Amino acid sequence: MTSSQRLGPALAAIAVALPMIAVIIAVVQGASGADPELWSHLREHVLGRVALNTVILVLGVVAIAMALGTSLAWLTAACDFPGRSFFSWALLLPMAMPAYVLAFVAVAALDYAGAVPMALRGWFGDGLWLPPIRSTAGVIGVLALAGYPYVYLMARGAFLTHGARALEAAQSLGLGPWQGLFRVAVPLARPWLAGGAALVAMETLADFGAVSIFNYDTFTTAIYQAWFALFSIETALGLALLLLLFVAAALAIERAARGRARYSAADSGARTALRVGLSGARGWAATGYASLVFALGFALPALALARWAWKVAPIDLDARYVDYALRTVGLAGMAAFACLTLALVLGYATRQSAGRITQAAARVATLGYAVPGAVLAVGVVTVLGATDQGFRALAGGEGLWLQGTVFALLLGYVARFLAVAHGPVQGGFARIRPSLEEAARGLGLGARELLARLHLPLLGAGIGTAVLLVFVDVMKEMPITLMTRPFGWDTLAVRVFEMTAEGDWERAALPSLAIVIAGLLPVALLTRRMERAARAA
Amino acid sequence: MLEAAIPAHLRDPAGHWFGLAVRARTIAYSTARVQPSELSTYAALGEARWKGRLCMRSGKHAYNQSLVAMMIGDLGEQATERVVRSWIANLAAEPFSSDTLMLKAIAAGQCDVGITNSYYLGRLQHETPGFPVQIFWADQGGRGTHVNISGGGVTKYAKNRAEAIRFLEWLASPAIQQRFAAVNFEFPANAGVEPLPTVAAWGKFEPNLVNVGTIGRTQPAAVKLMDRAGWR
């Protein structure tokens with residue numbers, strides 16, 4: 001490979017990583033100004049606890065989300081039980097439910113004074129002891145229910161498309177279906193499972209809304225506290241830097257554990273393997289398990305939201321909601337398009353060149369997913385403030401060029417959600433066998449033709465998944481929208497924030513329900529993709 | 001005209017901002033399990049008889065931070081830290097993320113007393129007549145009950161300065177004051193204006209007259225104190 005062939009991909013990858021690089025520079029620069037006296041206070045009384053809390057939360061949420069996502073994907077992809085075809089798409093629906101919404105519904109319904117414990121005490125007497133929802137277990141449970149669909153989506157895709165032949169081989173060697181799961185299907189699906197786990201881990205690290213509702217202290221609440229209660233943005237950025245290092249270390253460990261193994265589809269022409277029929281009690285146990293997860297993660301919270309929204313709709317629902325919804329959907333669409341474009345550039349660049357610079361740029365570009373939205377927001381504002389100063393120096397005047405525009409908002413979204421688009425696109429690239437490319441190159445195709453005629457057509461499913469995932473994530477996003485939106489650009493999530501901040505959960509239910517409903521369409525599309533992939537496979 | 005309408009402790013001494021409505025942060029108690037005669041000061045909620053009967057909102061909320069900041073000004077840091085630690089020792093449940101949730105816990109019997117902003121109780125009493133929680137004005141024998149404000153000011157580079165000031169004056173005028181405070185069950189900052197009947201039913205109280213701005217400057221010290229005392 002000539003040096004110019006290597007330079008192109010490296011430059012492209014660096015360009016994609018620029019928003020994140022700018023944010024990191026802003027964070028490091030700010031952190032260096034942290035107040036030493038505050039810092040020693042935090043070290044003594046705060047850091048140890050929030051670090052431990054954060055580790056417990058991430059490990060707990062990832063473990064439960066992995067267990068739920070993988071087992072449910074296996075049941076709906078490789079087994080047969082009553083209601084299987086319903087659950088195969090219904091189990092994705094919790095993806096439309098933001099974690100902070102699930103959190104406030106859980107606390108409102110299940111805390112001591114909530115409707116459920118009140119009713120139970122009414123039946124069984126006042127002395128009845130119930131496990132407190134506002135506990136470590138409670139917050140882990142809520143975030144796991146909000147996060148498992150990411151694992152489910154990835155695991156099911158992997159099980160459906162590349163598992164069939166390998167499983168048949170396993171069966172012919174005398175492995176039962178469950179041995180097949182643990183000894184063949186799961187190891188083969190590892191890159192996708194790891195991708196799902198990384199998404200869940202990063203969502204959890206960056207969560208602010210849900211942990212605040214549970215009053216569970218993590219890095220994000222400590223950052224917010226340093227910024228808005230101790231009034232030290234530098235100290236907040238110092239904490240953010242620690243969090244970034246933490247994330248980088250976790251990603252490095254994951255990468256090292258994965259080693260140098262290569263994964264690609266065993267046979268693109270694999271046929272559907274016969275599903276294992278779960279008969280009688282085992283089948284109904286599977287139905288019960290899937291129903292329970294569906295009920296807790298979607299059906300019951302959606303019902304509760306609908307009831308509250310119904311109560312306040314007559315006084316609260318008016319023309320503003322059309323604007324909230326249009327802005328929400330418009331921003332999500334623009335962000336999805338931007339993230340997809342950059343993910344394709346990045347995926348193609350890293351495939352063309354395994355050079356260190358390219359790989360490092362890719363890692364930096366996708367780091368933003370684990371950074372609290374509030375930190376990204378202040379990074380973006382700092383960076384654009386500097387560029388605006390440059391523009392003013394060139395063009396004169398007092399104006400703001402980029403700060404407070406939709407561009408600023410999109411920059412924040414891209415920094416945060418590029419990783420979400422990168423995952424499926426990268427997964428798609430990984431499954432295109434290198435031998436195919438070699439053959440195409442041997443036939444004289446150049447880089448551009450290779451992309452247009454080989455990669456894009458084969459990436460179809462990955463592209464669709466990337467767009468839909470970013471779309472849903474941006475709709476649910478709260479802190480970046482809140483802090484960098486142009487004047488008058490209130491979205492549904494901003495409205496939810498305003499109402500939950502006042503503890504007015506009935507009025508928060510209306511915009512929450514609107515987010516869930518608007519999210520159902522993309523989630524339904526994701527489901528259809530999955531089903532088509534299954535039929536094709 | 002704004003100086004005449006708004007009492008001195010509710011506005012910036014230099015005239016940069018003016019409080020327009022007042023919310024008190026005071027003691028709320030269960031009418032089923034507590035007699036008002038058992039209550040007196042914020043500090044007394046740390047006494048042994050409230051062990052396992054006290055509920056609090058999260059220490060990460062500005063309302064509690066400004067209450068502690070006020071106490072630091074009145075009692076000094078050491079005494080305040082002792083009080084806060086005694087509260088934490090009395091808690092019946094993990095701190096709540098909102099006053100509303102905490103008031104409902106008092107009503108449901110999880111605990112008997114707590115500290116709340118008055119308007120949250122106003123909303124609940126308005127929604128549910130007979131809500132079994134009532135207001136007690138804390139520290140009436142001492143420095144008075146802690147108050148917060150919602151208010152307004154004019155920014156340095158405001159383009160329509162004169163109109164902005166006229167708008168604030170309009171907000172401070174008696175007829176508008178009544179409606180402004182009524183929206184959120186608050187007390188009008190303009191002392192000559194009557195609050196809503198729900199709010200007036202709590203009776204009159206003496207507010208702590210420390211300037212609201214002084215409290216803001218002590219807030220970081222209060223946050224650190226609360227971290228040390230373990231108020232989550």
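**Note on the predicted model, chain A**

1. For chain A as a whole, the average pLDDT is 87, with 94% of the residues scoring at least 70.

2. As regards the overall fold, chain A contains 21 helices and two strands. Its radius of gyration is 24 Å, close to the 24 Å that the globule rule gives for 537 residues, so chain A is as compact as a globular protein of that length. Along the principal axes, the C-alpha atoms of chain A fill a box of roughly 70 × 65 × 50 Å.

3. Of the 537 residues of chain A, 50% count as buried, and among its contacts between residues at least 6 apart in sequence, 84% join residues that are at least 24 apart.

4. Helix 4 of chain A, which runs over residues 99-110, has 12 residues and spans 16 Å from its first C-alpha to its last, close to the 16 Å expected at 1.5 Å a residue. This helix is mostly covered, with 10 of its 12 residues buried; among them are A:Tyr100, A:Leu102, A:Phe104 and A:Val107.

5. Turning to the interface, 18 residues of chain A are in contact with 26 residues of chain B. On the side of chain A that touches chain B, helix 2 (36-78), helix 9 (209-214) and helix 10 (219-228) each supply at least two residues, and helix 2 gives the most, with three. By class, that side of chain A has eight nonpolar, seven polar and three charged residues.

Terms used. Residues numbered from 1 in each chain as written. Chains lettered and ligands numbered in written order. Predicted model: local features only at pLDDT ≥ 70, side-chain atom pairs only at ≥ 80, totals over all residues. Helix = DSSP H or I, 4+ residues; strand = E, 2+ residues; numbered from the N terminus. Expected span 1.5 Å × (residues − 1). Buried ≥ 20, exposed ≤ 12 C-beta atoms within 10 Å, placed from the backbone. Contact = placed C-beta atoms within 7 Å. Nonpolar A, V, L, I, M, F, W, Y, C, P; charged D, E, K, R; others polar. pLDDT = per-residue confidence, 0-100. Rg over C-alpha atoms; globule rule 2.2 N^0.38 Å.
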